[in-house]
Amino acid sequence: PRFLKELRQLIRLETDGTFKLNSDYFAHSKGGAEMTWEEGEPVLGIAYSQKWDELFGSSRHPENPITRRDMDLAASIQAIFEETFFHLLKHLYEKTRMKKLCFAGGCAFNSLANGKIFDHSPFEEVYIQAAAGDAGTALGSALYVAHHKLNRPRDFVMDHAFWGPEFGEKEISEALNVKREALKEKNCVIEKIEDQKILCQRTARAISEGKVVGWFQGRMEWGPRALGNRSILADPRRAGMKDILNARIKHRESFRPFAPSILEEKADEWFEMKTKSSPFMNFVFSVRAGRKDQIPAVIHVDGTARVHTVTQAANPLFWNLIKEFEKISRVPILLNTSFNDNEPIVCAPGDALDCFIRTQMDILAAGPYWIERQTQL
């Protein structure tokens, strides 16, 4: 973070626990931020002033290669974010003396900073709900009305994210019929596996053999993380798996890591957990030294991982799948990334089939249906 000194000119930490931006470096406070909606995609205009270029050099065009300067600036921005974040938390604790923290907002998805809360503040328990960004205001509004207006007790605890739509065998079968010709062109075979235990065993075996599996099961997750119902799954033991996924399916920057989904009861054996659970994939923790060589596909360059803990109570099918993979590999972890390709996470069966056909996934497990490519490019 070699630009940290320069960035401190942009943000001033106040003695009252707040912070202030130096408006000389920003444009939004003077005239607002321009936004266009061409073809339905929101594009935000430039929100910083010419003084940024004077301080850091010319900005990078989105299509240009990412340079060392860009990487160092990103690391520096993360560092100044953390300084400001822990400044706020320190003041909050001094004001309340409470050791349990619950917070939301887009910054709540900074999982790297979240994982450091336990070492950089007095807080001992942290709760961040699954849709902590703007979408989560719906939850806050509903709970506010329920408790303050309707006088209902505070009895709801969101310990899982599976609140989205669910599609049964009938809907999946209908979608398969619509896509049957496209699947035939891709040389796919379709089977039906009624027994969920057999489905998990077969999926775990395929993953252990290096296959990439689209996993479309149960209710969709609420929030931006795929947590085991709309996921692309792979073997975390294979060092080259990240490159395979990026080349064949995800088409994203090579530095972005994929997450490990782990049986919650085994998490502390593999990661330096600062909290018992991470059901919404909101915390980054260090991988234990003796485990790093075993799961290279889910470890970031700094030796950390964005951990997703899975319980049998919250998601029995996904828990059983990871358990079956552990029986084969002695590793209670699956590489988990969102079921999409530069688009929103798939929701309905047709979305999953479109993504499967368009990319080079090996297998799609959609409900009881097993769709497998017989040849792979």
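The accessible surface of the chain comes to about 20100 Å², and 52% of that area belongs to carbon and sulfur atoms; such areas come from the Shrake-Rupley method with a 1.4 Å probe, and for residues only the protein chains shown count as cover. The model is a predicted one, in which local features need pLDDT of at least 70 and side-chain atom pairs count only at pLDDT 80 or more, while totals for chains, interfaces and linings use all residues. Residues are numbered from 1 along each chain as its sequence is written, and side-chain values use heavy atoms, with hydrogens and water left out.

The secondary structure comes to 14 helices and 15 strands; helices (H or I, at least four residues) and strands (E, at least two) are DSSP runs, numbered from the N terminus. The C-alpha trace spans about 65 × 50 × 50 Å along its principal axes. For 377 residues, a compact globule would have a radius of gyration near 21 Å, and the 23 Å of the chain agrees with this. That radius is taken over C-alpha atoms, and the globule rule is 2.2 Å times the number of residues to the power 0.38. Of the 377 residues, 44% count as buried, where buried means under 20% relative accessible area, exposed over 50%, and partly exposed in between (1.4 Å probe, protein chains only). Contacts (heavy atoms within 4.5 Å) also reach along the sequence: among those between residues at least 6 apart, 66% join residues at least 24 apart.

Which strands pair with strand 15? Strand 7 (residues 188-192) does so in the antiparallel sense over five bridges, and strand 14 (residues 363-366) is also antiparallel to strand 15, over four bridges; two strands pair if DSSP finds at least two bridges between them. Glu372 is the bridge partner of Val189, and Ile363 stands opposite Glu372 as well. Two residues lie between the strands in the hairpin of strand 14 and strand 15, where Gly367 takes a positive phi near 60°.

In helix 11 (residues 241-250), the buried residues are Met241, Leu245, Asn246, Arg248, Ile249 and Lys250. Their cover includes strand 9 (230-234) and strand 13 (333-338). Just after this helix, His251 takes a positive phi of about 50°. Helix 4 (residues 68-96) holds Ser76, which counts as buried at 0% relative accessibility. Leaving aside residues up to four places away in sequence, Ser76 touches Pro1, Arg2, Phe3, Leu4 and Leu7.

Finally, two loop residues have a positive phi. Asn151 has a positive phi of about 60° although it is not a glycine. Asn151 sits in the loop between helix 7 (137-149) and helix 8 (169-178), and is exposed, with a relative accessible area of 63%. Asn187, likewise not a glycine, has a positive phi of about 60°. Asn187 belongs to the loop between helix 9 (180-185) and strand 7, and counts as partly exposed at 37% relative accessibility.
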